[in-house]
Amino acid sequence: MVEDIGKKDDFSEEDAVGVDQVNFSDIPDVIPLLPVRDVVIYSYMILPLMVGREKSIKAVEEAMEHDRLIFLATQRSSTQEEPKPQDIFDTGTVAMIVKMLRLPDGRVKILVQGLAKAHIVTYLPTPDHFKVRIEKIAEPSATAINLEVEALMRSVKENSEKILQLRGVISPDAVAILDSIEEPGRLADLVASNLKLKVEESQAILEIINPVERLRRVNELLSKELELSAMQAKIQTQAKEEMGKTHREYFLREQLKAIQSELGEIDEKTKEIEEFRAKIAKAKMPKDVAKEAEKQLSRLGQMHPDAAEASIIRTYLDWMVELPWAKSTRDHLDVKNAQRILDEDHYDLEKVKDRILEYLGVRKLNKNMKGPILCFVGPPGVGKTSLGRSIARALGRKFTRVSLGGLRDEAEIRGHRRTYIGALPGRIIQGLKTAGSNNPVFMLDEIDKVGADFRGDPSAALLEVLDPEQNCAFSDHYLNVPFDLSKVMFITTANLADPIIPALKDRMEIIEIPGYVDEEKLKIARHFLIPRQIKENGIKPEHFRITDEAILGIINQYTREAGLRNLEREIANLCRKIARMIAEGEKKLPAITAKNLHKYLGVAKFLPDEERRDNEVGVATGLAWTPYGGDVLHIEATPMEGKGNLLLTGQLGDVMKESGHAAMSYFRSRASRFGLKDRFYYAKDIHVHVPAGAIPKDGPSAGVTMATAVISALTGIPTRSDVAMTGEITLRGRVLPVGGLREKSLAALRAKIHTIIVPQQNEKDLSEIPKHIRRKLDFKLVKHMDDVLRIALMEDPEKHGKALKGSDGTKPQERANKSQPERQPVRRKDSRPTARI
């Protein structure tokens, strides 16, 4: 290793001493090479070097054995341990080794002095060190120094003295050395060797042969260095002045305090302490909390006002005195008035309203009951958040809301510890401060979208918040004292209950808010949405006339959702168009009907599902649940020549594929009862397809539909087009209950299907369907797949087994293939969300 260990930042006498008398012509053409790192050697420069690499030590030893002359060239990269010729600059300096010292660790320390520049012509082959043939570079001497050169030299000397003065190392000897140099080239080399330049800049200066040009380049770099040094000195001076100002202010403040004490006046610090003490008393904190506040206030009184920790304690006390420790709002316990307010704000939602009114009734009898923790689960736009505001209005409480969607840091719930810069309490404490009372209606939106990462699990932190047995002493990391949350009425919202962790779900009372049917949307639009949009768009009720058929047209053809957001958006669109007509001066405003609706809203965005008109073989009508409501799916099955494979297509999920295999296994186990041979499937492939392949589908409730389609396809018995079905199938043929019956029933009614096959165990769920909808539908309750087939197929396959063989002598599979009509694909919008079958 070769590195510069003695390069001096300032001028010294050694830099200006004369070299031993070595004639330029005495320098040999072949000379050992010593690569150096991070330093460029100039002529007349004296420098100590530490030599550690084996090749470099050999080169030094050879030079010492002959004339002590060695060629010093700089490496292009200082990280290169074994440099090659292309890694070394071609231009360097011939130097004399003035002194050499061997160290105990094997390294060699040498003192070199530059003599003359040279250029490498070629590298000579030597086994253990570098040896080069050089071409000496004779520097032209300045015979006469004109005014320009003299001015340039004087500028370099003056700038050099200024830099030394800024660095604080100016001395008479350094000034004398600068004044004694009369050669431009030597002055340039002296100044360049003491500037903090990059290796590339120093090498570029070395390669400039003309001394005046080299001095001009050094002058440019010197001017830049002077600016940097001046700026550095300015920064240091400002820092010292600031420190001096702080000390001066401290002494003045202490003197002022002493004067105010003599005059009997109170200083600002004492005044602040007294104000905090009064606020602590006014806040009516619990005993333990007040003790902690007084402790922190005592610490603040012992600190300097400008101390860093003083601002942290001051912020902490601000939070402590502003929290509603004892501030509560009085509940309005008039049950009838609360019911009136809830009915004014929301249509239907009887379950939620009854639960709130029950709470009011119990609260009226038991003043000390704990607040309920409700969870509203439903699709977007059904009014979960607005329902929370109505509950707060009915109870006469403050309302505060926090969105938990995308929350990943546990500290957002529990708060940050005060050791962190910018620490704050969690969202719960912040919400209580905003509400200004300790018993608000606190809504936690999107609780099913809480995340988790390396910073903790916010859902786990919510366990304490939403547990009535624990939240009476909720501890926020920032406050570090318990806060009673038992009086708070927490309401959470979610689109789906499945993502909520079981422990958290167990602490909440889940109330499902399903989507609205068309009739409900019509009434909500009439009583709530249209009046609100008429007011917001500045028109009068007589200006906006719309028929019920037009509203139903918006619901079915321009929106497809369980909630009401898009419906209100389209109504607002109509109101804006009417407002524009009024602004343009039109006096006769048209009524909006189903026939002219497209003139205002454009072409319909959604088309009704294509209904089955014919009883077909291998096609069964199933019902699906989606986030925007129910849907109808026509599941198709086709037998083909093959090897007994079951093909399932239509972008089906794993659960739905398993339902298909279960349906096939059920059919194979009963093939003989349907008039088929036991081993019929060895020569047949069954392809089951669910249309709308771009939409992901999953769920177990398509089992009975798949089984019906497969049995119809293999027996050749057509299915009834006016029957829809839903239910999960087992290998023994039992039909298990499913969910989403309300939405599926509405989907069947929209498709003009009035007979629905549902599992027997779903009989309890029929009460959730509105009575006027139930009256239009015929629900067939079934326990076994045999019951499904007797209803869904045109013939009973077991009672007519002999007839299935066919009077024309064909096999059931052949007759099934012949009876398959060619069906056109049903076009559906690809923008639907995942359907849960």
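Modeller: Let's start with helix H21, residues 654-669, whose 16 residues reach 23 Å from the first C-alpha to the last. That is close to the 22 Å expected at 1.5 Å a residue, where the expected span is 1.5 Å times one less than the number of residues. Helices here are DSSP runs of H or I with at least four residues, strands are runs of E with at least two, and both are numbered from the N terminus.

This is a predicted model, so local features need pLDDT of at least 70 and side-chain atom pairs count only at pLDDT 80 or more, while totals for chains, interfaces and linings use all residues. Residues are numbered from 1 along each chain as its sequence is written, and side-chain values use heavy atoms, with hydrogens and water left out.

Now for the inward side of H21. Its buried residues are Met656, Ser659, Gly660, Ala662, Ala663, Met664, Tyr666 and Phe667; buried means under 20% relative accessible area, exposed over 50%, and partly exposed in between, using a 1.4 Å probe and protein chains only. The cover over these residues includes strands S17 (646-649), S18 (684-689), S19 (697-698) and S21 (728-729), along with helices H22 (703-715) and H25.

H25 deserves a look of its own. Helix H25 spans residues 785-792, and because six of its eight residues are buried, it is largely enclosed by the rest of the structure. Those six are Met785, Asp786, Val788, Leu789, Ile791 and Ala792.

Stepping back, the chain has 27 helices and 25 strands, and buried residues make up 48% of its 837 residues. Of the contacts with a separation of 6 or more, 75% join residues 24 or more positions apart; a contact means heavy atoms within 4.5 Å.

Confidence is lowest in strand S1 (residues 2-4), at a mean of 41, and highest in strand S23 (residues 755-759), at 94. Residues 1-20 have a pLDDT below 50, and this stretch has 72 contacts in the model beyond near neighbours in sequence. Residues 803-833 are also below 50, with 57 contacts beyond near neighbours in sequence.

Note on methods
pLDDT = per-residue confidence, 0-100.
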